[in-house]
Every structure is written in C-alpha cells, then in structure tokens.
Amino acid sequence: MTTSRSTSARNTALAGLLLAAATVVVAAQSSTPGFDSSKAWEHLRQQVAIGPRPSGTPANVKNRDYIKAQLAALGIKTVEQPFEGATPLGPVKMVNVIGTIAGKSPDRIVLASHFDTKLFRNVRFVGASDGASSTAALLEMARVMKARKDLPFTYELLFLDGEEAVIEWQGTDNTYGSRYYADNARKTGSLKSLKAFILLDMIGDRNLTIRRESNSARWLTDIVWATARKLGHREFMDEETTVEDDHIPFVKAGVPSLDIIDLDYPQWHTAQDTLDAVAAGSLQIVGDVLIASLPQIEARLLKQ
Ligand SMILES: [Zn+2]
C-alpha cells in the first residue's frame with residue numbers, strides 16, 4: 001500500500017476485490033492445469049525460427065506441420081481444411097487446421113488464430129507477434145483444454161491460414177481462411193452448432209495493451225474484460241477500438257464473436273516484429289484471462 005489514508009470502507013472493498021480475484025484463480029486452477037507461458041514461448045520461438053511464413057510457401061507448410069504435430073502429441077484429432085485463396089496475385093493453396101476436443105455437447109466454442117505471416121518482398125518479416133504469438137498461445141490453450149475433464153461444450157482449436165492481405169488490406173484481399181471456414185460451415189449446416197468464436201491475434205507485445213473491439217459481441221467482451229479486471233490485468237483497457245480481422249466472417253454469420261488483439265504495436269508489419277519485441281509474460285496474461293473467462297462464457301451459453 002502506498003497511501004496512509006485508506007479508510008476501512010476502502011479496505012473492505014479492496015478485500016472483496018482480492019477475494020473475487022482469488023476465487024477466479026482458484027476456480028480456474030481447480031479444473032485446469034493452468035496456462036504455462038514457457039510452453040507457449042517455445043511454440044512462438046519455433047515458429048519464428050522457421051522464418052517468414054506466407055500462405056502457399058514451404059515455410060507455411062512447415063508451420064502447419066508443426067501445429068499438427070503439437071496437437072497430435074496432445075492426443076487431439078486434427079482435420080485439414082484445404083482451399084484455394086483467390087488472391088490478386090492469382091490462386092494460392094491454403095489450408096486451415098482444425099483440432100477438436102469433444103465435450104458433453106456437440107455444440108462448440110471455437111478458439112482461433114491465424115498462422116500465416118504477411119508477404120513482404122524486401123523485408124524479412126517473421127511475425128513474432130503477428131502470427132506466432134496467438135498461434136503459440138492457442139497451442140498451449142489446446143493442452144489446457146484437453147486436460148479439462150468437465151467440458152460442457154466441444155472446443156475447436158482453429159488455426160487459420162490466409163489472414164493477411166497478399167498486397168493490401170481491401171476488398172477480399174484478406175481473411176481468406178476465416179471466410180472459407182464460415183462459408184463452408186454455412187453450407188454444411190455446422191454453423192448452427194457454433195455458439196461462440198474467440199480470436200487471438202497479436203498478443204505478444206511486451207507492452208501489452210488490449211482494447212475492447214467494437215465489432216465483437218458485447219457480452220463476450222464484458223465477461224473477458226471483467227475477468228481481466230478481477231485478475232488485476234489492466235492491460236485489458238476500457239478504451240474501445242474497431243478492428244477488421246478473422247472474426248468478421250463469423251460476426252456476419254451471426255456467431256457471437258470476440259477479437260482479443262493488441263494492434264497498438266509499433267513493430268506491426270515491420271522487420272522489427274521479432275523475438276525481442278514480444279514477451280512470454282504477455283502470453284501468460286492473455287492465457288490466464290481466457291482460461292478464467294471460459295467457464296463463465298460456458299455458463300452463459302448453457303442458460304440460452
Ligand atoms: Zn498482420
């Protein structure tokens with residue numbers, strides 16, 4: 001405490017706040033092993049070591065193989081969803097990777113990240129935050145969710161290809177993988193069982209600042225931000241911003257969606273988006289907040 005003017009009312013409020021935080025932490029820990037950022041950091045490091053990973057390149061395939069191998073090691077079944085992205089540079093072979101952890105209900109909650117990195121001709125862009133950080137966190141989330149024995153919903157770990165524009169973010173030159181997935185889900189009827197879509201993107205920033213995103217469902221945002229506050233993570237800020245990202249096709253499809261993104265990142269789409277711009281601690285914060293939020297999101301969906 002830095003102030004000597006604390007009143008008993010304030011101390012009571014503070015005690016309540018700490019108790020609430022402790023309850024959330026205990027609730028999260030009792031049913032899950034907890035998010036281990038050292039494991040997530042290793043996933044991040046491995047992807048960056050592959051080098052630039054634009055869609056349709058051998059390095060992108062290598063990244064995809066890494067994801068599949070990690071999920072297989074966890075005993076999680078994966079399915080590949082191949083498609084052709086109609087880009088301004090011509091057709092590009094892209095593949096989404098879907099890992100599924102069955103829960104009590106076939107109704108599902110999707111946790112997603114893009115794993116491609118933006119194509120640059122004259123810059124060596126390795127996307128430590130933009131691509132690797134969220135993909136790394138999602139792989140660690142897979143381990144945590146697989147260990148949970150009480151899943152009321154089926155969880156899908158969705159690794160999206162082709163988020164980045166091959167030239168410039170306009171028209172349909174972006175979100176190839178998420179648009180394909182959502183279209184396909186609509187056609188096959190599986191969209192009906194998709195109850196919530198939670199996207200992680202660019203969460204590695206060592207100076208983490210995550211704003212509420214205005215295209216996202218308010219109730220999802222409220223749960224996650226309230227949880228962050230209870231855990232004392234002010235990196236989740238009250239300020240709101242608007243971001244176009246892989247959640248948009250799901251928003252348009254009527255799925256409650258949330259984008260957790262730190263776009264306030266000076267290294268964004270530069271050669272400086274490297275290991276020294278990101279931190280394991282940032283992955284830990286997002287992982288902790290998400291793990292503590294999911295039971296509340298599940299409870300809300302079960303009431304529907
Ligand atoms: Zn990007």
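**Exercise 1.** Over the ring of which residue does the charged end of Arg-179 sit, and how far is it from the ring centre?

*Solution.* The structure is a predicted model. In this model, the charged end of Arg-179 lies over the ring of Tyr-176, at 5.2 Å from the centre of that ring. A further arrangement of this kind involves Lys-118, whose charged end sits over the ring of Phe-120, 5.6 Å from its centre.

**Exercise 2.** Determine how the rings of Phe-83 and Tyr-180 are arranged, and where the two residues lie.

*Solution.* Step 1. The structure holds five aromatic pairs. One of them joins Phe-83 and Tyr-180, with 4.6 Å from centre to centre and 10° between the planes. Planes under 30 degrees apart count as stacked, so this pair is stacked.

Step 2. Phe-83 belongs to strand β1 (residues 77-87) and Tyr-180 to helix α5 (residues 176-188), so the pair ties together parts that are 97 residues apart in sequence.

Step 3. Buried means under 20% relative accessible area. Phe-83, at 10% relative accessibility, is therefore buried, whereas Tyr-180, at 31%, is partly exposed.

**Exercise 3.** Classify the pair formed by Tyr-181 and Phe-250, and state whether each residue is buried or exposed.

*Solution.* Step 1. The ring centres of Tyr-181 and Phe-250 are 5.6 Å apart and their planes stand at 45°, so the pair is tilted.

Step 2. Tyr-181 lies in helix α5 and Phe-250 in helix α7 (residues 248-252); the pair links distant parts of the chain, 69 residues apart.

Step 3. Tyr-181 has 4% relative accessibility and counts as buried; Phe-250, at 0%, also counts as buried.

Step 4. Ring pairs link Tyr-181 and Phe-250 with Phe-197 into a cluster.

Terms used: Residues numbered from 1 in each chain as written. Predicted model: local features only at pLDDT ≥ 70, side-chain atom pairs only at ≥ 80, totals over all residues. Heavy atoms only, no water. Phe/Tyr/Trp six-rings, centres within 6.5 Å; stacked < 30°, edge-to-face > 60°. Helix = DSSP H or I, 4+ residues; strand = E, 2+ residues; numbered from the N terminus. Buried < 20%, exposed > 50% of the residue type's maximum accessible area, 1.4 Å probe, protein only. Lys NZ or Arg CZ within 6 Å of the ring centre and 35° of its normal.
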